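This report walks through a structural model chain by chain. Please keep the sequence and the coordinates at hand while reading.

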Amino acid sequence: MVLACAVTAVAQAHGVDTATKDFLVSNEGLAIGPFLYIGAKHMVTGYDHLLFLLAVIFFLYRLKDVVVYVSFFTLGHSITLLSGVLAHISVNPYLIDAIIGLSVVYKGFDNLGGFKRVLGFQPNTKAAVLIFGLFHGFGLATKLQEFQLPKDGLLGNLIAFNVGVELGQVFALIFVLIAIVIWRRYQSFLRFSTVTNTFIMAAGLMLMGYQLTGYFTA
Amino acid sequence: MTDTAKEVTHGQVSARTLALSCVGAVVLAALALVLFILPAEYGKDPTGVGKALGLTRLASTAPVAREVFDPEKPGNRQDNVEIVVPAGKGLEYKLHVKKGDHFEYSWSSDSTALYFDFHGEPDGDTSGYFESYAEGTANGLAGSLNAPFDGNHGWYWENRSDQPATVKLLTFGTYSVVGKL
């Protein structure tokens with residue numbers, strides 16, 4: 001028996017597209033390939049995650065530092081993605097996505113030396129990236145939890161999704177890194193870094209406004 | 001030499017620049033949200049600019065039913081009805097569908113978003129059992145159903161606002177109309 005095509009009437013935070021929805025609703029059992037792809041696609045199109053990463057690597061000049069910070073982010077979001085789905089941890093997707101928006105504002109502000117200026121000290125950046133990573137992971141988890149994925153093959157599918165997320169992250173990061181490394185060769189990078197981080201904060205605030213409105217109205 | 005004092009991981013701007021930057025970010029975000037994002041995503045348009053730009057149409061367009069009505073199919077019918085859901089009230093509208101029969105639907109509310117439950121009740125049941133196929137709060141929805149059992153299948157709409165809402169319902173497929181309950 002076939003259920004109604006339009007599954008979720010409640011407006012989505014940023015969700016998955018229709019074809020992916022149809023797949024996730026109907027799939028039973030292990031499907032490594034599709035989940036891998038869905039994870040990668042979700043990250044590559046996940047502008048909230050990518051904005052945070054951009055803000056994180058903005059002033060990281062050494063590849064070693066990029067690897068370290070991105071690893072903390074990866075660790076954070078993997079922990080909550082896996083445990084969130086497997087342990088059925090239920091969080092409101094609007095609130096989580098609003099916090100993800102907050103993470104973007106936070107790092108944009110941080111890039112301007114905002115915390116040092118306002119608080120007098122620099123909060124541990126690696127810790128911040130890890131902690132916000134946890135929230136990003138819950139955001140990823142809520143997208144999957146909507147579909148009440150069948151237990152059969154869930155662990156394998158979830159790991160495939162997580163690996164896909166990392167592959168998508170690396171893919172997107174390569175482009176961002178190339179662009180930013182080229183830009184850093186020009187004086188305009190430092191000259192426009194304030195404006196850029198202002199836009200990053202604005203984008204984060206837009207995300208927060210969008211998600212919080214959804215939380216209060218839906 | 002790895003001198004962490006020289007390790008660059010942050011910028012540092014003056015207090016004035018920081019303040020300007022924060023104010024700028026808030027203003028930019030507020031403008032974008034109020035003028036474009038909220039109208040387009042939620043139909044919330046406090047300034048009217050969203051409506052002028054046509055963005056509010058994005059939030060109120062009811063989804064389109066995917067199949068096309070085929071009058072050649074045996075038992076097929078097509079119905080277009082308007083149902084007024086009074087302010088603060090709920091009501092049901094049902095079709096009688098036999099097990100395995102199929103219909104498509106598309107409904108939209110002319111004003112406020114309505115709580116809805118698209119569900120079915122088996123024939124002859126006295127326990128009050130019903131199976132919910134889709135539930136939520138929306139301005140409209142489109143979909144279809146292959147009836148899992150003989151019975152009355154349809155919608156409960158609840159208007160939680162203080163204005164009456166008119167639901168336009170288009171259905172086509174294999175069923176008979178029970179109507180408002």
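How many bridges join strand 1 of chain B to strand 8 of chain B? Ten bridges do so, with strand 8 covering residues 165–174 and the two strands running antiparallel.

## Basis of the model

This is a predicted model, in which local features need pLDDT of at least 70 and side-chain atom pairs count only at pLDDT 80 or more, while totals for chains, interfaces and linings use all residues; side-chain values use heavy atoms, with hydrogens and water left out. Residues are numbered from 1 along each chain as its sequence is written, and chains are lettered from A and ligands numbered from 1 in the order in which they are written.

## The sheet of chain B

In chain B, an open sheet is formed by four strands in the order 1-8-3-6, with antiparallel pairing; strands are DSSP runs of E of at least two residues, helices runs of H or I of at least four, both numbered from the N terminus, and two strands pair if DSSP finds at least two bridges between them. Strand 1 (76–85) and strand 6 (140–146) of chain B each have a single partner strand and stand at the edges, so one side of each is left without a neighbour in the sheet.

## The helices of chain A

Chain A has nine helices and zero strands. Its C-alpha trace spans about 60 × 35 × 25 Å along the principal axes. Buried residues (under 20% relative accessible area, with a 1.4 Å probe and protein chains only) make up 52% of its 218 residues.

Helix 3 of chain A (residues 47–57) illustrates this burial at the level of residues: among its buried residues are A:Asp48, A:His49, A:Phe52 and A:Leu53. The buried residues of helix 3 pack against several other helices of chain A, including helix 2 (32–44), helix 4 (63–86) and helix 8 (154–184), where contact means heavy atoms within 4.5 Å.

## Confidence in chain A

The mean pLDDT (the predictor's confidence in each residue, from 0 to 100) of chain A is 89, and 94% of its residues reach 70 or more. Over residues 1–13 of chain A, however, the pLDDT is below 50, although this stretch has 37 contacts in the model beyond near neighbours in sequence. Where pLDDT is low, the predicted coordinates should not be read in detail.

Methods
Buried means under 20% relative accessible area, exposed over 50%, partly exposed in between (1.4 Å probe, protein chains only).
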